[in-house]
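Here are a few friendly notes to read alongside the model.

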Amino acid sequence: VPEGWLVLRIDGPEYSLALIDKQTEYLGLTQYLTSFRGQDPNKVRLLAFDFQEGHKQNLFPTTIIVQTGFHSSAKEVAEDVTAEKLTRSNSSLISKNTRPLASGGVAYIRELTYKGGTISTGDIVQIYQSSIIFESNGKVISIHIEALDELRPMAAAQFEVILASLNLFTP
């Protein structure tokens, strides 16, 4: 994870500490973090927030969510995630691709935008989301990055850095 990101496991002590941290409250993230309370830590594995200068606007942090525990194939999860987001108003699919994995499998990559609300203020904003869904060790894993659409170039670049660090793809 690039420098300047806060990484939390929802069942880890760092999550509980972040909920009571004055900096979290100052940044307007307490309600956002609280929205993950009660999630199954076997499914929502990891949250990461980008706190670098200029990477958070309108109390909407650039966020990465890592999930697992799906009961469908990676392809089916990718289609379901895309369909769910595209039912929202003012949503659009930017790209829909596959990439070969070093393990011999396929990763499904989706980029889209949709209208969503900020949890702390309720403002309606255009959100950019890039997702990768793949199978590893018999489990389907999804990694999503979400940012305000105007931060799309930065978020897409950060996501590529993170994906490259995972050594998932065939060189």
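1. The second largest pocket has a volume of about 220 Å³. Here a pocket is an open set of points on a 1 Å grid over the protein atoms alone, where a 1.4 Å probe fits, with protein on both sides within 12 Å along at least five of seven lines; lining residues have an atom within 4 Å of a point. Points are joined across faces, edges and corners, and the volume is the space filled by probe spheres set on them.

2. A word on the source: this is a predicted model, with local features needing pLDDT of at least 70, side-chain atom pairs counted only at pLDDT 80 or more, and totals for chains, interfaces and linings using all residues. Residues are numbered from 1 along each chain as its sequence is written, and side-chain values use heavy atoms, without hydrogens and water.

3. Which residues line the second largest pocket? Among them are Val-1, Leu-46, Phe-134, Ser-165 and Leu-168. The lining divides into eleven nonpolar, one polar and no charged residues (Ala, Val, Leu, Ile, Met, Phe, Trp, Tyr, Cys and Pro count as nonpolar, Asp, Glu, Lys and Arg as charged, the others, Gly among them, as polar).

4. The largest pocket holds about 450 Å³ of space. Of its 21 lining residues, Ile-65, Lys-85, Tyr-114, Gln-129 and Glu-146 lie nearest the centre. By class, the lining has nine nonpolar, seven polar and five charged residues.
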